[in-house]
Amino acid sequence: MDLKNEFLHSAKKRFKDGVFPSDYLVFCYGIYLIFICLLFHNKITLPGLYIFLNLFMMVVLLISIYFEERNTKSTMYWIHSWMPLISLTLYYTQSTVFDNLFLPETFDNLLRKCDFAFFGVSLNRVLAPLVNSLFVDETMHMIYLSFYLILFIPGIIMLSQKYHHFHEMVFSLTLMMYVHYLFFMFFPGDGPLSDRSFLFQKGIIFIPLMNFIYRFGEYGGGAFPSTHVSAVVISFLYMRHFFKKALWIIGFFCVGIIIATVYCSYHYAIDSITGIISGLTFYFIGRKVYSRFSNSGTELSEY
(Lines give C-alpha, C1' and ligand atoms only; values in the text may rest on other atoms or scores of the structure.)
Protein backbone atom coordinates (compact mmCIF):
# COMPACT_ATOMS: atom_id res chain seq x y z
CA MET A 1 0.00 0.00 0.00
CA ASP A 2 2.90 2.33 0.74
CA LEU A 3 4.29 1.77 -2.74
CA LYS A 4 0.86 2.40 -4.24
CA ASN A 5 0.37 5.60 -2.26
CA GLU A 6 3.87 6.74 -3.10
CA PHE A 7 3.24 6.12 -6.81
CA LEU A 8 -0.09 7.99 -6.70
CA HIS A 9 1.50 10.89 -4.85
CA SER A 10 4.36 11.03 -7.35
CA ALA A 11 1.97 10.88 -10.33
CA LYS A 12 -0.26 13.59 -8.84
CA LYS A 13 2.77 15.83 -8.30
CA ARG A 14 4.01 15.25 -11.88
CA PHE A 15 0.62 16.20 -13.30
CA LYS A 16 0.32 19.25 -11.06
CA ASP A 17 3.81 20.44 -11.93
CA GLY A 18 3.44 19.66 -15.64
CA VAL A 19 0.06 21.16 -16.46
CA PHE A 20 -0.39 24.36 -18.46
CA PRO A 21 -3.54 26.46 -17.89
CA SER A 22 -4.68 25.84 -21.48
CA ASP A 23 -4.72 22.08 -20.77
CA TYR A 24 -7.82 22.55 -18.62
CA LEU A 25 -9.59 24.12 -21.58
CA VAL A 26 -8.73 21.18 -23.85
CA PHE A 27 -10.04 18.67 -21.30
CA CYS A 28 -13.24 20.58 -20.51
CA TYR A 29 -14.23 21.09 -24.13
CA GLY A 30 -13.30 17.52 -25.03
CA ILE A 31 -15.51 16.18 -22.25
CA TYR A 32 -18.32 18.47 -23.42
CA LEU A 33 -18.09 17.11 -26.98
CA ILE A 34 -18.08 13.53 -25.70
CA PHE A 35 -21.24 14.32 -23.71
CA ILE A 36 -22.86 15.71 -26.88
CA CYS A 37 -21.89 12.55 -28.80
CA LEU A 38 -23.47 10.35 -26.15
CA LEU A 39 -26.59 12.50 -25.82
CA PHE A 40 -27.26 12.74 -29.56
CA HIS A 41 -25.69 9.48 -30.76
CA ASN A 42 -28.79 8.66 -32.83
CA LYS A 43 -28.49 11.93 -34.79
CA ILE A 44 -24.71 11.93 -35.30
CA THR A 45 -22.90 9.99 -38.00
CA LEU A 46 -20.13 7.86 -36.48
CA PRO A 47 -20.38 9.20 -32.92
CA GLY A 48 -18.02 6.45 -31.75
CA LEU A 49 -15.28 7.80 -34.00
CA TYR A 50 -15.58 11.29 -32.53
CA ILE A 51 -15.55 9.90 -28.99
CA PHE A 52 -12.43 7.87 -29.78
CA LEU A 53 -10.64 10.86 -31.33
CA ASN A 54 -11.52 13.10 -28.36
CA LEU A 55 -10.30 10.49 -25.89
CA PHE A 56 -7.13 9.97 -27.93
CA MET A 57 -6.51 13.73 -27.88
CA MET A 58 -6.86 13.81 -24.10
CA VAL A 59 -4.68 10.73 -23.58
CA VAL A 60 -1.88 12.29 -25.65
CA LEU A 61 -2.25 15.47 -23.61
CA LEU A 62 -2.10 13.52 -20.34
CA ILE A 63 1.09 11.80 -21.47
CA SER A 64 2.67 15.12 -22.44
CA ILE A 65 1.70 16.62 -19.06
CA TYR A 66 3.13 13.65 -17.17
CA PHE A 67 6.49 13.90 -18.92
CA GLU A 68 6.61 17.70 -18.88
CA GLU A 69 9.88 18.96 -17.44
CA ARG A 70 9.86 22.53 -18.81
CA ASN A 71 12.76 21.61 -21.08
CA THR A 72 12.29 23.86 -24.09
CA LYS A 73 14.64 21.70 -26.17
CA SER A 74 12.63 18.50 -25.71
CA THR A 75 10.14 17.20 -28.29
CA MET A 76 7.58 16.48 -25.57
CA TYR A 77 7.62 20.10 -24.41
CA TRP A 78 6.90 21.32 -27.95
CA ILE A 79 4.11 18.79 -28.45
CA HIS A 80 2.60 19.77 -25.13
CA SER A 81 2.88 23.48 -25.85
CA TRP A 82 1.10 23.18 -29.21
CA MET A 83 -1.56 20.65 -28.18
CA PRO A 84 -4.28 23.28 -27.48
CA LEU A 85 -3.92 24.76 -30.97
CA ILE A 86 -3.62 21.30 -32.54
CA SER A 87 -6.93 20.41 -30.89
CA LEU A 88 -8.70 23.25 -32.70
CA THR A 89 -9.09 21.34 -35.97
CA LEU A 90 -10.72 18.33 -34.32
CA TYR A 91 -12.94 20.36 -32.02
CA TYR A 92 -13.94 22.87 -34.71
CA THR A 93 -14.99 20.07 -37.07
CA GLN A 94 -17.25 18.54 -34.44
CA SER A 95 -18.71 21.86 -33.34
CA THR A 96 -19.73 22.74 -36.90
CA VAL A 97 -20.96 19.22 -37.69
CA PHE A 98 -23.08 19.30 -34.52
CA ASP A 99 -24.59 22.72 -35.29
CA ASN A 100 -27.81 21.16 -36.61
CA LEU A 101 -28.46 19.19 -33.42
CA PHE A 102 -30.09 22.13 -31.69
CA LEU A 103 -31.36 24.25 -34.59
CA PRO A 104 -32.32 22.96 -38.06
CA GLU A 105 -31.70 26.28 -39.81
CA THR A 106 -28.83 28.77 -39.87
CA PHE A 107 -29.04 32.50 -39.14
CA ASP A 108 -27.65 33.56 -42.51
CA ASN A 109 -30.76 35.50 -43.49
CA LEU A 110 -30.48 37.55 -40.30
CA LEU A 111 -26.77 38.13 -40.83
CA ARG A 112 -27.34 39.31 -44.42
CA LYS A 113 -30.01 41.72 -43.19
CA CYS A 114 -27.60 43.06 -40.56
CA ASP A 115 -24.96 43.55 -43.25
CA PHE A 116 -27.41 45.47 -45.40
CA ALA A 117 -28.67 47.52 -42.45
CA PHE A 118 -25.12 48.62 -41.51
CA PHE A 119 -23.60 49.12 -44.95
CA GLY A 120 -26.54 49.46 -47.35
CA VAL A 121 -25.08 46.60 -49.42
CA SER A 122 -23.68 43.12 -48.95
CA LEU A 123 -20.00 44.07 -49.01
CA ASN A 124 -18.79 40.62 -49.97
CA ARG A 125 -20.87 40.82 -53.17
CA VAL A 126 -19.56 44.19 -54.33
CA LEU A 127 -15.84 44.24 -53.46
CA ALA A 128 -14.51 41.64 -55.90
CA PRO A 129 -16.65 42.81 -58.88
CA LEU A 130 -15.67 46.41 -58.13
CA VAL A 131 -11.94 45.58 -58.24
CA ASN A 132 -12.41 43.13 -61.13
CA SER A 133 -8.84 41.80 -61.08
CA LEU A 134 -7.75 38.15 -61.11
CA PHE A 135 -4.39 39.21 -59.64
CA VAL A 136 -6.08 40.88 -56.67
CA ASP A 137 -8.45 37.93 -56.26
CA GLU A 138 -5.50 35.51 -56.11
CA THR A 139 -3.58 37.82 -53.76
CA MET A 140 -6.51 38.13 -51.35
CA HIS A 141 -6.91 34.34 -51.27
CA MET A 142 -3.17 34.01 -50.64
CA ILE A 143 -3.44 36.44 -47.72
CA TYR A 144 -6.47 34.59 -46.36
CA LEU A 145 -4.50 31.34 -46.55
CA SER A 146 -1.64 32.97 -44.63
CA PHE A 147 -3.86 32.86 -41.53
CA TYR A 148 -2.55 29.37 -40.81
CA LEU A 149 1.05 30.62 -41.01
CA ILE A 150 0.34 33.67 -38.81
CA LEU A 151 -0.81 31.34 -36.04
CA PHE A 152 2.16 29.01 -36.12
CA ILE A 153 5.35 30.54 -37.57
CA PRO A 154 5.56 33.55 -35.19
CA GLY A 155 4.53 31.22 -32.35
CA ILE A 156 7.37 28.81 -33.18
CA ILE A 157 9.84 31.71 -33.09
CA MET A 158 8.39 33.00 -29.81
CA LEU A 159 8.57 29.57 -28.17
CA SER A 160 12.11 28.87 -29.42
CA GLN A 161 13.22 32.24 -28.02
CA LYS A 162 11.55 31.45 -24.66
CA TYR A 163 9.17 34.37 -24.85
CA HIS A 164 7.32 34.17 -21.53
CA HIS A 165 3.97 35.33 -22.96
CA PHE A 166 3.75 32.46 -25.47
CA HIS A 167 1.64 30.21 -23.23
CA GLU A 168 -0.58 33.12 -22.27
CA MET A 169 -1.19 33.78 -25.97
CA VAL A 170 -2.05 30.11 -26.56
CA PHE A 171 -4.43 30.22 -23.60
CA SER A 172 -6.20 33.35 -24.87
CA LEU A 173 -6.50 31.94 -28.40
CA THR A 174 -7.79 28.58 -27.16
CA LEU A 175 -10.31 30.16 -24.79
CA MET A 176 -11.63 32.40 -27.58
CA MET A 177 -11.86 29.53 -30.05
CA TYR A 178 -13.72 27.20 -27.70
CA VAL A 179 -16.23 29.88 -26.71
CA HIS A 180 -16.79 30.59 -30.41
CA TYR A 181 -17.22 26.87 -31.15
CA LEU A 182 -19.77 26.56 -28.38
CA PHE A 183 -21.62 29.60 -29.73
CA PHE A 184 -21.65 28.14 -33.27
CA MET A 185 -23.66 25.17 -32.05
CA PHE A 186 -26.47 27.44 -30.88
CA PHE A 187 -26.14 30.25 -33.44
CA PRO A 188 -25.01 28.60 -36.70
CA GLY A 189 -24.15 30.66 -39.75
CA ASP A 190 -22.58 29.34 -42.95
CA GLY A 191 -21.44 32.72 -44.24
CA PRO A 192 -21.69 33.81 -47.89
CA LEU A 193 -19.87 30.74 -49.25
CA SER A 194 -22.58 30.22 -51.87
CA ASP A 195 -21.64 33.58 -53.43
CA ARG A 196 -18.16 32.32 -54.31
CA SER A 197 -19.38 30.26 -57.27
CA PHE A 198 -20.22 33.38 -59.29
CA LEU A 199 -17.68 35.80 -57.76
CA PHE A 200 -14.57 33.66 -58.25
CA GLN A 201 -15.10 31.49 -61.30
CA LYS A 202 -11.44 31.66 -62.35
CA GLY A 203 -8.31 30.94 -60.41
CA ILE A 204 -4.70 29.91 -60.90
CA ILE A 205 -3.20 28.84 -57.58
CA PHE A 206 -4.74 30.17 -54.39
CA ILE A 207 -8.41 30.25 -55.38
CA PRO A 208 -8.38 26.54 -56.40
CA LEU A 209 -6.33 25.71 -53.29
CA MET A 210 -8.80 27.40 -50.96
CA ASN A 211 -11.70 25.75 -52.80
CA PHE A 212 -10.02 22.39 -52.18
CA ILE A 213 -9.47 23.12 -48.49
CA TYR A 214 -13.07 24.20 -47.97
CA ARG A 215 -14.44 21.30 -49.97
CA PHE A 216 -12.89 18.76 -47.63
CA GLY A 217 -12.34 20.68 -44.40
CA GLU A 218 -15.29 23.05 -43.98
CA TYR A 219 -18.70 21.96 -42.79
CA GLY A 220 -20.29 25.38 -42.36
CA GLY A 221 -22.05 26.76 -39.35
CA GLY A 222 -19.08 28.64 -37.91
CA ALA A 223 -19.20 32.03 -39.60
CA PHE A 224 -20.36 34.40 -36.85
CA PRO A 225 -18.22 35.78 -35.29
CA SER A 226 -15.19 35.19 -37.51
CA THR A 227 -12.60 33.10 -35.67
CA HIS A 228 -10.04 34.09 -38.31
CA VAL A 229 -10.44 37.75 -37.43
CA SER A 230 -10.56 37.20 -33.67
CA ALA A 231 -7.44 35.02 -33.80
CA VAL A 232 -5.34 37.50 -35.81
CA VAL A 233 -6.39 40.35 -33.50
CA ILE A 234 -5.29 38.38 -30.42
CA SER A 235 -2.10 37.19 -32.12
CA PHE A 236 -1.17 40.71 -33.24
CA LEU A 237 -1.68 42.14 -29.75
CA TYR A 238 0.77 39.59 -28.33
CA MET A 239 3.24 39.75 -31.21
CA ARG A 240 3.54 43.53 -31.10
CA HIS A 241 5.84 43.26 -28.08
CA PHE A 242 8.07 40.56 -29.56
CA PHE A 243 8.34 41.39 -33.28
CA LYS A 244 8.88 45.14 -33.01
CA LYS A 245 11.14 45.39 -36.08
CA ALA A 246 8.94 43.18 -38.25
CA LEU A 247 5.64 44.33 -36.81
CA TRP A 248 4.63 46.14 -39.99
CA ILE A 249 4.85 42.85 -41.93
CA ILE A 250 2.71 41.00 -39.39
CA GLY A 251 0.32 43.95 -39.22
CA PHE A 252 0.00 43.96 -43.01
CA PHE A 253 -1.03 40.31 -43.09
CA CYS A 254 -3.35 40.65 -40.08
CA VAL A 255 -5.21 43.59 -41.65
CA GLY A 256 -5.15 41.77 -44.99
CA ILE A 257 -6.75 38.68 -43.45
CA ILE A 258 -9.52 40.78 -41.92
CA ILE A 259 -10.27 42.34 -45.33
CA ALA A 260 -9.89 39.00 -47.15
CA THR A 261 -12.51 37.30 -44.99
CA VAL A 262 -15.12 39.57 -46.58
CA TYR A 263 -13.50 40.06 -50.00
CA CYS A 264 -13.22 36.29 -50.58
CA SER A 265 -16.82 35.75 -49.36
CA TYR A 266 -15.94 33.52 -46.43
CA HIS A 267 -17.64 35.89 -43.99
CA TYR A 268 -20.18 38.68 -43.96
CA ALA A 269 -18.79 42.05 -42.96
CA ILE A 270 -20.75 41.81 -39.71
CA ASP A 271 -18.88 38.56 -38.94
CA SER A 272 -15.53 40.33 -39.25
CA ILE A 273 -16.60 43.36 -37.21
CA THR A 274 -17.81 41.17 -34.36
CA GLY A 275 -14.61 39.14 -34.78
CA ILE A 276 -12.54 42.26 -34.08
CA ILE A 277 -14.63 43.01 -31.00
CA SER A 278 -14.36 39.40 -29.84
CA GLY A 279 -10.59 39.34 -30.37
CA LEU A 280 -10.10 42.48 -28.30
CA THR A 281 -12.42 41.15 -25.59
CA PHE A 282 -10.76 37.74 -25.28
CA TYR A 283 -7.29 39.27 -25.31
CA PHE A 284 -8.08 41.02 -22.03
CA ILE A 285 -10.19 38.16 -20.64
CA GLY A 286 -7.47 35.64 -21.50
CA ARG A 287 -4.77 37.69 -19.81
CA LYS A 288 -6.91 38.14 -16.70
CA VAL A 289 -7.86 34.48 -16.36
CA TYR A 290 -4.36 33.27 -17.16
CA SER A 291 -2.86 35.52 -14.49
CA ARG A 292 -5.16 33.91 -11.93
CA PHE A 293 -3.79 30.47 -12.84
CA SER A 294 -0.23 31.71 -12.57
CA ASN A 295 -0.79 33.55 -9.29
CA SER A 296 -2.47 30.51 -7.77
CA GLY A 297 0.61 28.43 -8.46
CA THR A 298 -1.11 26.17 -10.97
CA GLU A 299 1.71 26.67 -13.43
CA LEU A 300 5.32 26.67 -12.39
CA SER A 301 7.86 29.02 -13.85
CA GLU A 302 8.16 28.00 -17.47
CA TYR A 303 11.81 28.74 -18.06
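Reader: Why is M239 called buried?

Author: In this predicted model, M239 has a relative accessible area of 0%. Buried means under 20%, exposed over 50%, and partly exposed in between, with a 1.4 Å probe and protein chains only. So M239 counts as buried. M239 sits in helix 12 (residues 227-242). Helices are DSSP runs of H or I with at least four residues, strands are runs of E with at least two, and both are numbered from the N terminus.

Reader: What makes I150 a contact of M239?

Author: Contact means heavy atoms within 4.5 Å. M239 touches I150, P154, M158, L247 and I250, leaving aside residues up to four places away in sequence.

Reader: Why is E168 called buried?

Author: The relative accessible area of E168 is 8%. That is under 20%, so E168 is buried. E168 belongs to helix 9 (residues 166-186). E168 touches Y238, R287 and Y290, again not counting residues up to four places away in sequence.

Reader: Why are helix 3 and helix 4 called roughly antiparallel?

Author: The axes of helix 3 (residues 47-66) and helix 4 (residues 75-97) come within 10 Å and cross at roughly 165°. Axes are lines fitted to C-alpha atoms, for helices over the stretch in contact, and angles run from 0 to 180 degrees between N-to-C directions. Angles under 35 degrees count as roughly parallel, over 145 as roughly antiparallel, 65 to 115 as roughly perpendicular, and the rest as oblique. Helix 3 and helix 4 are therefore roughly antiparallel. Among the residues that make the contact are Y50 and L53 of helix 3, and M76 and H80 of helix 4.

Reader: How do you know what kinds of residue form the contact of helix 3 with helix 4?

Author: Ala, Val, Leu, Ile, Met, Phe, Trp, Tyr, Cys and Pro count as nonpolar, Asp, Glu, Lys and Arg as charged, and the others, Gly among them, as polar. The contact divides into 14 nonpolar, 5 polar and no charged residues.

Reader: What makes the protein as compact as a globular protein of its length?

Author: The protein has 14 helices and 0 strands. The radius of gyration is 21 Å, close to the 19 Å from the globule rule for 303 residues, so the protein is as compact as a globular protein of that length. The radius is taken over C-alpha atoms, and the rule is 2.2 Å times the number of residues to the power 0.38.

Reader: Which residues and atoms count here?

Author: Residues are numbered from 1 along each chain as its sequence is written, and side-chain values use heavy atoms, without hydrogens and water. Local features need pLDDT of at least 70, side-chain atom pairs count only at pLDDT 80 or more, and totals for chains, interfaces and linings use all residues.
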